[in-house]
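I opened this structure with a notebook beside me. These are my entries, in the order I made them.

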Amino acid sequence: MELTLGITLAVLGAGLLHAGWNALLKSAPGGDALLDTATVVAGSSIWGCAVAPFIGVPASAAWPYMAASAVIHFGYYLTLAQAYRTGDLSFAYPLMRGSAPLIVSLLGIAFLGELPTVPMAIGIVLISLGILSIAFVGTGRGGLRKHPPSAAYWAFANAGLIALYTLVDASGARVSGNPAAYVSWLIFLEGLPFLAWVFARGGQAAVRYVRAGAQRGLIGGACSLAAYGIVLWAMTRAPVAAVAALRETSVLFAALMGSLWLKEGFGLPRLAGAATVVAGIVALKLG
């Protein structure tokens, strides 16, 4: 398996799509992390249901992976909401996404037997360090923001779950015979338990909230489905750890969108982190 230029560009595009729906969440007027997440999950489930009949059904060998992924994703959504509830998005998001590729790389060696080359390992480390540095950048005069330890704990727990579902879904997509069918059915089905829990917990108020954000949810859901579909397709053709690291360039795109769209600061520290990510991408390509 090789990380070709075409795969690299496709995964960078997926990172841009992932950043787009996260920026959409961040700009939502409601400000409820759990319900905003549920809005996008509902949108992605609708798109998955709409697409699935036209692209077939994954092989039977893939369904156990889909079931395991659905369970992991439920925990992912809960820890995601807790991370956003206890810490700023600009802190929790890079911390989660930046540490996940390192975990994926280690688990990939242990369970998939994918030992990265030296340039690829350097690239994964550089991308992760560049992304993680963005989490500790303060946009105000006070420099580094203060965050409660619980925010970091939830973020790292979420990163572990990201690594788990990445490996499970990469394996499932490879045995499915049809990565597009795998991701469509997965996104459709795995969102249902989470949405049922959110609506049971929040009642009619939660239903009204999600319904009011239907347009945002459909746009974000389409981006989410497309982004993950590209990533899983890439993982059937290139090393999982390399694709996982490239995917997390979404944090860099999100920082740029935050600067241009949400009028957040970027500054020299974030520029240094961005340069480190770019150096990591170059190293991955050399690997």
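I started with Tyr165, which is buried, because its relative accessibility is 5% and the cut-off for buried is under 20%. I kept in mind that this is a predicted model.

Next I looked for ring pairs. My search of the whole structure gave 9 aromatic pairs. I noted one of them: Tyr165 and Tyr228 pair edge-to-face, with 6.0 Å from centre to centre and 85 degrees between the planes. The two partners sit 63 residues apart, so I looked up their helices: Tyr165 is in α6 (residues 149–176) and Tyr228 is in α8 (residues 214–235). The pair therefore links distant parts of the chain. Tyr228 is buried too, at a relative accessible area of 8%.

Tyr165 and Tyr228 belong to a cluster linked by ring pairs, together with Phe74, Tyr76, Tyr77, Phe194 and Trp197.

Is Ser128 buried or exposed? Ser128 is buried, with a relative accessible area of 0%. Its side chain reaches the backbone oxygen of Gly98 at 3.1 Å. Leaving out residues up to four places away in sequence, I listed Gly98, Pro101 and Leu102 as what Ser128 touches.

Last entry: helix α2, residues 33–55. I counted 23 residues and a reach of 32 Å from first C-alpha to last, close to the expected 33 Å. At the N-terminal end, Asp32 is the cap, with a side-chain oxygen 3.1 Å from the backbone nitrogen of Leu34. After α2 comes Gly56, with a positive phi near 90 degrees.

How values were computed
Residues are numbered from 1 along each chain as its sequence is written. This is a predicted model: local features need pLDDT of at least 70, side-chain atom pairs count only at pLDDT 80 or more; totals for chains, interfaces and linings use all residues. Side-chain values use heavy atoms; hydrogens and water are left out. Buried means under 20% relative accessible area, exposed over 50%, partly exposed in between (1.4 Å probe, protein chains only). A polar contact is a pair of N or O atoms within 3.5 Å; within protein, one must be able to donate a hydrogen and the other to accept it, and residues adjacent in sequence count only if both atoms are side-chain atoms. Contact means heavy atoms within 4.5 Å. Helices (H or I, at least four residues) and strands (E, at least two) are DSSP runs, numbered from the N terminus. The expected span of a helix is 1.5 Å times one less than its number of residues. Rings of Phe, Tyr and Trp (its six-membered ring) pair if their centres lie within 6.5 Å; planes under 30 degrees apart count as stacked, over 60 as edge-to-face and the rest as tilted.
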